[in-house]
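Please look at the strand pairing and the salt bridges in this model.

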Amino acid sequence: MLALSAPAVAQTPGVFKGETINISVGYPAGGAPDLYFRVLARHYGRHIPSNPLIVVKNMPGAGTLRAANYIYNVAAKDGTELGNFSSSATMEPLMDNDQAKFDATRFSWIGSMNQEINFCGIWQRPGAPTSFADMLTRETVFASSGAISTR
């Protein structure tokens, strides 16, 4: 059995020799996702055979759909392109958003840089809803960084 596995082991070290691995971040420069992936880029290459160069590319747009569409439709499928986009973006094809040009079930998840717990708060002022039930019967204004974004 060891003899059969030797050829595979021998091929692994040179897989990314001379390659650049791009990380497409679906958020603008300067925010938390940008920071996470720039920190990752400084260290990630040391843990990959042949120590490839890691480059972060910001691709903001459409609540991260731009990056998701790029990774699915344009990026090389050889392990040299990684992407980061919101978890809510993966739901867009199910919501019949014709701008989501991907099948979310075909993406491969390799890990998370953090664990987020989203919070929604309402400033208490006269006329503001005071319960979840109130929000269902009264107009409530919310803000976000994009139409489908959780940020």
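## Basis

This is a predicted model: local features need pLDDT of at least 70, side-chain atom pairs count only at pLDDT 80 or more, and totals for chains, interfaces and linings use all residues. Residues are numbered from 1 along each chain as its sequence is written, and side-chain values use heavy atoms, without hydrogens and water.

Strand β1 spans residues 20-25. Helices (H or I, at least four residues) and strands (E, at least two) are DSSP runs, numbered from the N terminus. Five of the six β1 residues are buried, so the strand is largely enclosed by the rest of the structure. Buried means under 20% relative accessible area, exposed over 50%, and partly exposed in between (1.4 Å probe, protein chains only).

β1 runs parallel to β2 (residues 53-58), joined by six bridges. Strands pair if DSSP finds at least two bridges between them. Ile23 has Val56 as its bridge partner in β2. β1 also pairs with β3 (residues 81-84), parallel, over four bridges. There, Asn22 stands opposite Glu81.

## Salt bridges

The whole structure holds three salt bridges, each a side-chain nitrogen of Lys or Arg within 4 Å of a carboxyl oxygen of Asp or Glu. Lys57 and Glu81 form one, with closest N and O atoms 3.9 Å apart. This pair links strand β2 to strand β3, 24 residues apart. Glu81 is buried at 16%; Lys57 is partly exposed at 26%.

Asp34 pairs with Arg38 at 2.7 Å. Both lie in helix α2, four residues apart. Asp34 is buried at 7%, and Arg38 is partly exposed at 37%.
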